[in-house]
Amino acid sequence: MLKVDVSGLRVLITAGAAGIGRAMCETFQANGAKVHTCDVDEQALAVLRSDFPGVTASVTDVSDPAQVDILFAEATASLGGLDVMINNAGIAGPTAPVEDISEEDWRRTLDINITGQFFCVRRAVPLLREAGGGSIINLSSAAGIFGFPLRTPYSASKWAVVGVTKSLAMELGKDGIRVNALCPGAVAGERIDRVIAAKAEQRGITIQDMQDIVLGDTSLKTFVTAQDIANMALYLASPAGERISGQAMSVDGHVQVLR
């Protein structure tokens, strides 16, 4: 875990009960920040609260603007304001040829991965202005930089995150608000295991062969970890990152192509 003093920073992290979000909650709290998070999984949130006393949490589906309003009411009550907004919530969406993707799956992927970020950002910006500036960190993906066959809804949503990030950085810079996107590659864990299994099935190859393809397309030939992503978020939110804005920052072992 990166060690950077962010004592007193008030941080809201969406989808914090597992994976990257949980690593972010732990990392920011361990470095002195006050953290509020949310998730749709009540049981996982209960475990998070037990493991990290002091992290407060709300049950929230970020694709529902009414629930986002409640999230911000609870977060500001817990934190007393806001300095950092991390839009981490996202889903993998379907793995299928475009002609087999349902309208429902398309809309759900974009509703969570990009529209949910919009709902959170529009509530966060007035609070960040009130704080005198701050940081917004949006989770994109290597799929927001490259095309991604069989994953068109996911890739569309993650390219959108980069466009929104760069536009917001230009819009909000005058207010001292930095806006950046993180673009993880294949992050070790259950989620990428499911994606690899689904792509292997679509292609009629073994899971091991599909994993070899995924890792073979990176220079470092390795998965990244949730902690790698949390460390970069901490850096961007800290004083060390105060001159960084408008960037789509890859943490991916140098992905060269997505297949």
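In which loop is Ala 15 found? Ala 15 sits in the loop between β1 (10-13) and α1 (19-30), where helices (H or I, at least four residues) and strands (E, at least two) are DSSP runs numbered from the N terminus. The structure is a predicted model, in which local features need pLDDT of at least 70 and side-chain atom pairs count only at pLDDT 80 or more, while totals for chains, interfaces and linings use all residues. Residues are numbered from 1 along each chain as its sequence is written, and side-chain values use heavy atoms, with hydrogens and water left out.

**Overall fold**

- The chain has eight helices and seven strands, and its radius of gyration is 18 Å, close to the 18 Å that the globule rule gives for 259 residues, so the chain is as compact as a globular protein of that length; the radius is taken over C-alpha atoms, and the rule is 2.2 Å times the number of residues to the power 0.38.
- Along its principal axes, the C-alpha trace spans about 55 × 40 × 35 Å.
- Of the contacts with a separation of 6 or more, 71% are between residues 24 or more positions apart, a contact being heavy atoms within 4.5 Å.

**Surface and charge**

- Buried residues make up 51% of the 259 residues in the chain, where buried means under 20% relative accessible area, exposed over 50%, and partly exposed in between (1.4 Å probe, protein chains only).
- The chain exposes about 11,300 Å², and carbon and sulfur atoms supply 54% of this area, as computed by the Shrake-Rupley method with a 1.4 Å probe.
- There are 22 positive and 29 negative side chains, and the centres of the two sets lie 6 Å apart; Lys and Arg count as positive and Asp and Glu as negative, whereas His and the chain ends are not counted, and each charge is placed at NZ of Lys, CZ of Arg, CG of Asp or CD of Glu.

**Cysteines**

- The count comes to zero disulfides, a disulfide being a pair of cysteine sulfur atoms within 2.5 Å.
- Cys 38 is in no disulfide, because the sulfur of Cys 120 is 6.5 Å from that of Cys 38, too far for a bond.
- Cys 38 is buried, with a relative accessible area of 1%, and Cys 120 also counts as buried, at 0% relative accessibility.

**Backbone angles**

- Most residues other than glycine have a negative phi.
- Ala 15, however, has a positive phi near 55°.
- His 254, in the segment after β7 (248-251), has a positive phi of about 65° although it is not a glycine, and this residue counts as partly exposed at 46% relative accessibility.
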